Structure formats: structure tokens, C-alpha cells
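Hi,

Here is the structure I promised to pass along. My notes follow below; please have a look when you get a moment.

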Amino acid sequence: MLQPARPLPDRLCQLWGTVTDVSPGVVQIAGVSEHAGLGNEITIETAEGVVSGEILKISTDRVIALLFGDSDIVRIGDRATIEREALVAPGDHWIGQVINYRGEILGDDQNNSVATPGPKRKLITKAPPSHARKSLGPRLKTGLMITDTILPLCHGQRLGLFAGSGIGKSTLLGTLANGVEADRIVIALIGERSREVNDFANHTLPKAARDKAVIVTATSSEPPGAKKRAAYCAMAAAEHFRDQGHHVLLLFDSITRFAEAHREVALTGGETPALNAFPPSTVRVIAELAERAGPGTQDQGDITAIFSVLVAGSDMEEPVADMIRGILDGHIILSREIAERGRYPAIDVLRSVSRALPRAASEPENKLIKDYLRTVSLYEELAPMLRANLYERGIDKAGDFAIDRFPELDAFVSQSNEGDIASAFEQLQSVLAPETAAKADKKPAT
């Protein structure tokens, strides 16, 4: 027999409980179990200031909450106020600003007090229904030859950028922020050092991109709950601009730090650790976040997303890299070996793939892409023989061609594209078949 629903407190009333236990980063609160929900925000009023957090676990007599701030100022008996839902109010007043995990503009107290926020949005929402979403849109000009041809990026595509530390990941993200055609740019810097946040905002990110960008950050020193909240805050901002009809470029750095923050939160909540201590829910949480990006419905814009993945020791089989590779619409891999020989961006073209192909290119363009990959692959096979001085010219014409053309094919990855996508393929044609390109240039006009 169904029981009558328990009446909830009026939304105008304040729901609060009392802190009964304090641990590093975690508190227990009594008196709110009947009305609290998972993910509800809390605010604890202490003698030294206010500490915020979110509810992680609920039992019959208490709730466990993960704090976003320091727990050493919380005392037994402090009042904890419970909010119904985690909300933020993104809007145009965020553009050109750095935002923290609470949705506040950093370093501008006056702007925080006078800015008119937009309508509030939930931090955690569902992706648009699959049957209502558009397909991937046309190719985007990125400003780089390699991503304008071999590894195309399309409207609404979600791409992974896999890299170890110090290989040029941030520089490539800044280049794409400046080169990709987008109405709004949302940048999530999750778990980065505070110095890196300042460097990216003030030096790596070009001014033209900064003027239409929102940077949401939670640094490495902040609690795991704050890092997760910053990630959801960035996604909520991207969805806000998408719902206005804008094409949004989301640069998420990094999904690995988000997964690590979720691991710490989940283990605190009692989940069972699995591979590398990541709980089973990690795949679901990453997939739910990534699915919120992508094409919108017919009356919305699109969110084109690039998620960076930190790959320790260039191990593409480590848990987070393995999870995210199957979720996204392609991946670009940065190689330490290529970076060490001085070619930037250090993209390993043969190990990278865009799942927008072959639909994103015409038949002649797809043939050029296959010719490029075939020639580079053949050179890589012959490279050990060249280094050992065992290769003999004149026996294999295709091998001779690959060796002769490789320096220009390799340099093609580093070239910027000042023209359109068609001109990028013309350049690729000239690199692959310079004789044919020269004859075309000399052909008299009709």
C-alpha cells in the first residue's frame, strides 16, 4: 500500500541542522535527514566565516557533507543551512572574467556586487534527448593545417586531447581558442596550479579569444568537491550560451583531474574502489558530463568540446584515458618523442583520429588524407632501416618517395592556415604531389 507523501518544508522557509562530527574535508549534520537530498548544497556558519559544501550521503539520523573549504574552522554545534539545489547564474556578465566554483567573478568585488545575473540554472542536468539532437555540423576552420585537413573538427564534435605534462597541451588549447570559429568560448581549468591559471588567462589565451571567453577554475589546492563543482559550473555556462543559439567552444582542461576529484568524493561516500582506485561510477559520471556537450536541438546552438586527458607515462591504456577514448568523437595524441625533436604541436598523426571522417570531407579530400597517412606510415616503417644505414634506394619507389617527402609532410603539422579549408587541402596536395601542383599552377587560364 502506498504511503502518503511526506510534506516538505515551504521553499521560503530555511532548512538547517547542527554539525555533530568534523573530519578532514567532511562533516556530519543532524536534524535534516528527512528533507535533504544528495547533491544539495550546505552553508555552515562558523565563528571565523562561512564554509560551503554539498551533501554526499544520507542516513536516518544524519547526513554526511563534503566541504568545499577548510574544515579546521568548523566546530561542533555550528549551524548548517541546507539549500534545495545547486544553482548558478551564468550570463554575459561572465564574459571576459575568471569564475570560481561558486559562480563568482574572481578579483573583481565591485563587479560581483553590481552585475545583473541571468536566470539561475541547475549545475547537474541531463543532456538533450538523443532523438532531438542535430547531427554533427560542417567543418570548423581551426587555424592549423593539420586540424583543417587530416584531423577535422566539426560543429558539435567532442574531441579528446591526450598528452603528458610539458608537451604543449596548453599552448595548443590556446591556439585552438584563437583559431576556431565560435561565438562564445568556455574554458574549464580544473586542478591546475594557480600560476598556470594566470599564465593561461593573461598570456596563452589571445586577447581576441579572451574578449568572448569565460574561464571557470578550481586550482589544485582546492578540495575535490570544489573541482567537481567548477566542472559542472563550466558546463552550465556552455549550456546557457548554447540555449541562446550560440556556437560554443568548450575547452576542458582536464577531464583527468575531474575524474580524480570524483574518485576522492566517491570513496569518501563509501563507494568500492576498483581499477587504480577509481570507483565503478567514474565511467558514468564522465559520460554524463561529456554527453551534455555536442550538438543541440533544432532551436539551439552547438557545444564543440575539446577535453584534455593527462596521460601519465604516455600510457594510453591507463583508466581515465581508456574510459574517455570510447566516449568522445575522436582523439588527438601529443607525443613526447615528437616534442623532444622540436616539432610543435607534437601531434602523433598516425595514432590520432577524427570520427567526423569520412563524412566531413569530400571524396578527393578523403583520398588526399589517405595518401598522407599512407606515406607517413611507410616512412615510419622505414625509419629504423635509415638510422641503421640499411636502406637501399632505387628498389622501392614508394619507399623512396616517402623518404623524400617526409620532411615536408612532418612540417605540415606545424603550419598555420591563414586561408580557408579549401586552401589547406591545396597546400596538402602540393606537399604530397609537388609536380602535379606545379603543372596546375602553370596551366593557362581558359
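**Cavities, cores and a glycine**

The second largest cavity holds about 40 Å³ of space. This is a predicted model, where local features need pLDDT of at least 70 and side-chain atom pairs count only at pLDDT 80 or more, while totals for chains, interfaces and linings use all residues. Residues are numbered from 1 along each chain as its sequence is written, and side-chain values use heavy atoms, with hydrogens and water left out.

A cavity here is a set of points, on a 1 Å grid over the protein atoms alone, where a 1.4 Å probe fits but cannot get out; lining residues have an atom within 4 Å of a point. Grid points are joined across faces, edges and corners, and a volume is the space filled by probe spheres set on the points. There are two cavities of 30 Å³ or more.

Of its 59 residues, I187 and Y372 touch the most other members. A second, separate core has 52 residues, among them C233 and V309.

Finally, G174 counts as buried because its relative accessibility is 2%. Leaving aside residues up to four places away in sequence, G174 touches F200, T204 and P206 (contact means heavy atoms within 4.5 Å). The C-alpha atoms of G174 and P206 are 7.2 Å apart.

Best wishes

Note on methods
A nonpolar core is a set of buried Ala, Val, Leu, Ile, Met, Phe, Trp, Tyr and Cys residues joined through side-chain atoms within 4.5 Å. Buried means under 20% relative accessible area, exposed over 50%, partly exposed in between (1.4 Å probe, protein chains only). On a 1 Å grid over the protein atoms alone, a cavity is a set of points where a 1.4 Å probe fits but cannot get out, and a pocket is an open set with protein on both sides within 12 Å along at least five of seven lines; lining residues have an atom within 4 Å of a point.
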